[in-house]
Each structure stands twice: as C-alpha cells, then as structure tokens.
Amino acid sequence: MDLAYIPSPSTGVIHLGPIPLRGYAFCIIIGVFVAVWLGNRRWIARGGKPGTVADIAVWAVPFGLVGGRLYHVITDYQLYFGEGRNWVDAFKIWEGGLGIWGAIALGAVGAWIGCRLRGIPLPAWADALAPGIALAQACGRWGNWFNQELYGRATDLPWALKISEGPNRVAGTYHPTFLYESLWCVGVALLVIWADRRFKLGHGRAFALYVAAYCVGRGWIEYMRVDEAHHILGVRLNVWTSIVVFLLAVTYLVLSAKLRPGREAIVEPDREPSGGSEPAAEAGSEPATAKAGAASAVKAGSGSATATAKAGAGAVPKAGSEPAVKADAPKTGADADPKAGATAEDKSTGGDEAAGAKAPEAKKL
C-alpha cells in the first residue's frame, strides 16, 4: 500500500468553451517568459540595451521549437511512422515531445540570425541567456507531468509519481524523473549565475558551463527512464548525446579561457549616428554664437554695448552715481563731483569715454 506519492493530473487539458488550454503548452510559454525576463536583466547588467534579448528571442524561440520537435520525431520516428501510426501526429506538439538537443541547436541558428541583424556577438547574448534557458527547462518539464510521460523506474519512495492506466503506460508508482530534471535545472541556473559573478565568464563560457552542467544531470536522469528509446551498445541514445555534448562544452570552456580570457568590454555597440552632435549644434547655433560673441567682447575689453550694459547694471548698487545725480538735480555743475560719476565699468575698462559722456549731462542739469 502506497502511503505517499505525487499524484498525476487526471487530464492535461482544460476546455474553455471550444478553446483547449493545455498544461504542456502553458509550461513552455511560462518558461519562455522566465528566460527572456532573466536574460534581459543580465543583458542590461552587461551593458546591453533593454529589449534586445526579446528581439532576438523572436528568432530563437520559433527555431528552437521546430528544432526540438524535429529531434524528437527523428529519434522516435517509430511513434509516428511505424505500423498502425499516423504521421500527422508528428505535428501535434501539444501532446508532448521536444528534444532539448534539437531545440538548442536550431534555436542557436535563430539567435545567430537575430544577433547578426542587431550587430551583436552571439556568445555574449548566449551568456546572458544561459541561466534563463535552464529555468525555462525547469518550467517546461512540468508539462511532462501534465501528460504523464517521461517517468522513471517503478518505486515505492514517498515522492514516487503515480501514473494512471493509459496508452503506452501501465498504472503504478514510478520515479518522477520530470521532477528530478526540473530541480537539477534550477541548480544549474544558480551555478551559472554564481560562477559568472565569481569568475566574470565571457565569450560564451557561461553558456558552455550551462550545457556541461545540464549534461551531467541529464545523463543519470536519462539512465533511470523506462520509456521507449533507441539504444547504442545497450545505452540509451540520449545518454550518448549527453556524453558527447558534455565533452564538447568542456573543451570549449578550456580553449576559450586560454584564447579569449576575460569578458567582452562592449556587448552591444552604440547604434546612434556618429555625427549626433551636429544637429544639436545647428539647432542651437544662433544662441551659441551670441554667447560666444558676448564672452569674447568681455574678455577683450572692447567696451561693446552688451558688455557696457551688463557692467553698468552691476554698478548701480555700488556707486549709485547716475541716480544720485538725478536726485540732486538742483545742484550746479560745480558742485558735482567728477569722481562720483565714475562707475565700476569706468574703473574696469578704463571708462574715460563713459565718464566723458556723462559729464555734459551733469552740466546740463
């Protein structure tokens, strides 16, 4: 008697009127949003622009879905092209069946196209997105739970997954390999984030670390599965794939660290026009010319009208000669003090001309 187990959903689809809402599709969509959200934050932290990750994901995601489905159909062709099978089922992606190896391979092609269009290096973009891809896989694996697929050997552990009777499956309790892989992917994401901060990984090494770490977990998890699969030398095909891809990722890590150490200084070049300052100069050319002319006049001490007006205005609070003359209008020219008529402007610019201009006015009064 099983006292504890993880129950499986009775159905993987909920109908909202005529519209089917499938749990598998929801898990994939949630994973894509998580990957883009985290990737965008990491891209901005590296000096990139907001929105670039999403723009490139528009290319990468469709290519990845097609690649993942192709890998699954090719490696499990007997499910769709065998005797009594309907080849049309190969297009029913909502029923499950995405190979991560094909998704990453063809998704990289789509990402390369997007990066080329934006003029940014693909390895830098892949480094920013690597932890998000791992979290997307963690979310996507729960789609297998909705479809009651990809479980492991029979077990009576407290966390065993209960599977109901159905096509190509026997009722019982099994290892929840979907849960093992989901938790492993979360750990891979945390590992990549930590290592990237600690060692400043660049030039695709954060992505290579994600690939290598994922392959380690996928190898032992794949070994536990009991669903139908092709074998080579008695070992499941995906186990061999994990080994080969792991070796390639580690090789890239080592060689890249020697050939291109450090991290990219610039991940997204500024796409603004190089002569961007010229329009601003043209728009403000007249005020700028006026200011420059005024500054030149003051420095040269030319006694221009503008400089004189500024100096005269600033001199009013000091000597107050001109207002004083007007206030003492009854006084004769003899009583007027010539020195009192000299302003701060006269002193700073040698204002003989200004003093001379005011003397007749005083005599007239």
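This is a predicted model: local features need pLDDT of at least 70, side-chain atom pairs count only at pLDDT 80 or more; totals for chains, interfaces and linings use all residues.
**View 1. The whole chain, before we zoom in.** The chain has 365 residues, and 36% of them count as buried. It is built with 15 helices and six strands. Take the contacts with a separation of 6 or more: 71% of them are between residues 24 or more positions apart.

View 2. Look for Val88 in the loop that runs between helix 3 (78-81) and helix 4 (100-118). Val88 counts as partly exposed because its relative accessibility is 35%, and partly exposed covers the range between under 20% (buried) and over 50% (exposed).

**View 3. Ile93 and its neighbours.** Ile93 also sits in the loop between helix 3 and helix 4. With a relative accessible area of 28%, Ile93 is partly exposed. Leaving aside residues up to four places away in sequence, Ile93 touches Tyr24, Leu65, Arg69 and Leu98. Pick out Leu65 from that group: Ile93 and Leu65 are 28 residues apart along the chain, and their C-alpha atoms are separated by 9.0 Å.

**View 4. Inside the largest nonpolar core.** This core has 35 residues, and the ones touching the most other members are Trp43, Trp125, Val192 and Tyr210. Helix 2 (52-75), helix 4, helix 5, helix 7 (177-199) and helix 8 (205-224) are the elements that each give two or more residues to it. Now for a closer look at Trp43. Not counting residues up to four places away in sequence, Trp43 touches Gly48, Lys49, Thr52, Val53, Ile120, Ala124, Trp125, Ala128, Val267 and Glu268. There is a second, separate core too, with seven residues, including Ile163, Tyr174, Phe178 and Leu179. As a general background, nonpolar side chains in soluble globular proteins tend to be buried together.

**View 5. The bend in helix 5.** Follow helix 5 along residues 122-140 and you'll come to a bend of about 45° at Leu129. A proline, Pro131, follows within four residues of the bend. Most of helix 5 is covered, with 15 of its 19 residues buried.

Terms used:
Residues are numbered from 1 along each chain as its sequence is written. Side-chain values use heavy atoms; hydrogens and water are left out. Buried means under 20% relative accessible area, exposed over 50%, partly exposed in between (1.4 Å probe, protein chains only). The bend at a residue is the angle between axes fitted to the seven residues ending there and the seven starting there. A nonpolar core is a set of buried Ala, Val, Leu, Ile, Met, Phe, Trp, Tyr and Cys residues joined through side-chain atoms within 4.5 Å. Contact means heavy atoms within 4.5 Å.
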